[in-house]
Amino acid sequence: MATGPRSLHALLGGGAVADLLLCRRRNASAAAVVGATAVWFVFERAGYSFPSVLSNALLLLVAILFFWAKSALLLNRPLPPLPNLEVSDAVVEKAADYALVWINRLLAVGHDIAIKRNRKVFIKVILILWLVSFVGMLFNFLTLIYIGVMLSLLVPPLYEKYQDQVDEKVGVAHSIISRHINTIVIRAGQSAKEKKTE
């Protein structure tokens, strides 16, 4: 494991989630892979829809709680232990603050494209949206979520093991892509200037 500022464990939060993503808790990581595969199979291959599975699970939960409460009264047993079922103001405020940061980032990108006419940001956004559209044509949404979960569980341990080699290759790829984007921006700027002079 790398130490210091390059520690992947620290970058992932350093807690139980980082341990799960880095396969330090093998049983929990295996359970996450099996659980994600089971959910994908139920929804994608078995043909169930999310609302039907959710409503059936809630129906079963409500029935169990109802019969448990009724039998507890008849048999003088304790009632089912239910936590306080409400969302605190602190949780809502934290979620709103987090969402606000991301919304402001998206609006800043839109501002850079529309007002500042930043061609480099515009081309990057176009390429990313095209890539998302292309990948979206290949897979449906649930399969994309499944692939994302699998990659998030499989890539971090491999990256931690081969961090130096991956960083080197990604650095080379980044410089090549940046060079191509700069070439596109320069050519787009030259063609716009030529149109203005005509």
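A patch here is built from residues with over 30% relative accessible area and no salt bridge, joining like charges within 9 Å and nonpolar side chains (Val, Leu, Ile, Met, Phe, Trp, Tyr) within 5 Å. A salt bridge is a side-chain nitrogen of Lys or Arg within 4 Å of a carboxyl oxygen of Asp or Glu. The model is predicted: local features need pLDDT of at least 70, side-chain atom pairs pLDDT 80 or more, while totals for chains, interfaces and linings use all residues. Residues are numbered from 1 along each chain, and side-chain values use heavy atoms, without hydrogens or water.

**Exercise 1.** Find the residues that make the nonpolar surface patch, and the helix that gives the most to it.

*Solution.* Start with the members: Trp130, Leu131, Phe134, Met137, Leu138, Phe139, Ile147, Leu151 and Val155 make a patch of about 900 Å² (Shrake-Rupley areas, 1.4 Å probe, with only the protein chains shown as cover). Next, assign helices (DSSP runs of H or I, at least four residues): α6 (119-138) and α7 (141-161) each supply at least two residues. α6 gives the most, with five.

**Exercise 2.** Work out how α3 and α7 are oriented.

*Solution.* Take the angle between N-to-C directions, from 0 to 180 degrees, using axes fitted to C-alpha atoms over the stretch in contact. For α3 (residues 26-45) and α7 the angle is about 170°, with axes 10 Å apart. The pair is therefore roughly antiparallel (over 145 degrees). Finally, look at the contact (heavy atoms within 4.5 Å): among its residues are Trp40 and Phe43 of α3 and Tyr146 and Met150 of α7.

Notes
Parallel < 35°, antiparallel > 145°, perpendicular 65-115°, else oblique.
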